[in-house]
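Reader: I'd like to learn how to read salt bridges and a domain interface in a model. Can you walk me through them?
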Amino acid sequence: MQQDRHHTDMVAARRIVVLTGAGISAESGIRTFRASDGLWEDHKVEDVATPEGFAANPVAVHQFYNDRRRLLLNASIRPNPAHTALARLEHSVIDLPGHDFLLITQNIDNLHERAGSRALVHMHGELLKMRCEQSGLSFDIREDLMLDTCCRCCREPGNLRPDVVWFGEIPLSMAKITKALTQCDLFIAIGTSGNVYPAAGFFELAREHGAHTVELNLESTNADFDEHICGPASTVVPDYVERLLSSAN
Ligand code: APR
């Protein structure tokens with residue numbers, strides 16, 4: 001039995017921050033990274049998810065993200081009840097006086113948007129965006145990004161990269177994220193192994209500022225959250241959101 005300091009029901013959850021990882025999209029058919037069938041089992045991080053890897057072999061890196069983009073755009077890949085429940089939670093609280101909501105995702109898929117989430121930051125970037133390294137401008141992309149793809153700003157090939165955050169690069173929206181973490185009273189981490197910083201440290205910053213911290217995961221990561229709820233996201237997240245909304249009324 002996981003040690004639960006106290007349950008969410010006793011928490012007046014008004015300012016909520018949610019952090020999601022690859023586990024929330026697993027039941028939608030998108031691979032996670034560190035499971036036995038994870039992406040990092042058949043790709044070396046340094047080859048496909050670092051600036052050095054891109055400089056050394058841009059074709060291989062484009063292929064890695066083109067394969068993931070094609071899968072994401074496959075009709076079979078859809079938001080699951082966990083994504084939908086988070087959108088419902090946002091819509092239920094965001095307009096209430098004294099309430100606030102922010103969804104931080106480490107995922108580069110667009111399943112949160114497709115489920116209706118709007119108060120959302122992609123701290124590791126987005127698979128359906130590409131960025132010109134000369135102008136810094138981002139553009140939507142739904143087809144393969146190739147070496148000879150021309151950007152609309154420079155009108156020449158060779159300046160484009162996936163608009164994702166690689167290892168060694170600074171995650172996006174950190175000022176907004178840090179502000180939300182220091183002001184929230186409930187921090188919920190869903191489907192993340194807590195292996196990668198700064199995301200892995202978010203729950204500690206939130207707790208230092210008085211938040212109740214909850215982890216929802218297939219299995220406990222044993223990180224020092226106040227509360228651990230184990231099970232598949234598509235089951236435990238809707239149940240948890242229901243509990244939150246019923247205790248709010
Ligand atoms: N329901 C809930 N949790 C699940 C499910 C599921 N169906 N399936 C897997 N999980 C959990 C696993 O137990 C694990 O804790 O999701 C987590 C996935 O962990 P990782 O594969 O490490 O993914 P993540 O935590 O998102 O990785 C963080 O690392 O490689 C970088 O940039 C990449 O954003 C990624 C970051």
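Author: Let's start with exposure: buried means under 20% relative accessible area, exposed over 50%, and partly exposed in between. Keep in mind that this is a predicted model. By that cut-off, Glu-126 counts as partly exposed, because its relative accessibility is 23%.

Reader: Which residue forms a salt bridge with Glu-126?
Author: Side chains of opposite charge can pair when their charged atoms come close. Here the partner is Lys-129, with the closest N and O atoms 3.8 Å apart. Lys-129 is partly exposed too, at 23%. Asp-140 joins Glu-126 and Lys-129 in a network of salt bridges.

Reader: How many salt bridges does the structure hold?
Author: Eleven salt bridges. Take Asp-185 and Arg-15, which meet at 3.9 Å, N to O. Asp-185 sits in the loop between helix H8 and strand S7 while Arg-15 is in strand S1, so this pair ties together parts 170 residues apart in sequence. Asp-185 is buried at 13%, whereas Arg-15 is partly exposed at 34%.

Reader: And how do I read the domain interface?
Author: The size of an interface is often given as the accessible area lost when the parts come together. Between domain 1 and domain 2, that buried area is about 530 Å², with carbon and sulfur atoms giving 55%. On the domain 1 side, Ile-108, Asn-110 and His-124 supply 62% of the area buried against domain 2.

Reader: How many salt bridges cross the interface of domain 1 and domain 2?
Author: Zero, by the rule used. The domain 1 side that touches domain 2 has two nonpolar, four polar and two charged residues.

Notes
Residues are numbered from 1 along each chain as its sequence is written. This is a predicted model: local features need pLDDT of at least 70, side-chain atom pairs count only at pLDDT 80 or more; totals for chains, interfaces and linings use all residues. Side-chain values use heavy atoms; hydrogens and water are left out. Buried area is the accessible area (1.4 Å probe) that two parts lose on being put together, summed over both. A salt bridge is a side-chain nitrogen of Lys or Arg within 4 Å of a carboxyl oxygen of Asp or Glu. Ala, Val, Leu, Ile, Met, Phe, Trp, Tyr, Cys and Pro count as nonpolar, Asp, Glu, Lys and Arg as charged, and the others, Gly among them, as polar. Helices (H or I, at least four residues) and strands (E, at least two) are DSSP runs, numbered from the N terminus. Buried means under 20% relative accessible area, exposed over 50%, partly exposed in between (1.4 Å probe, protein chains only).
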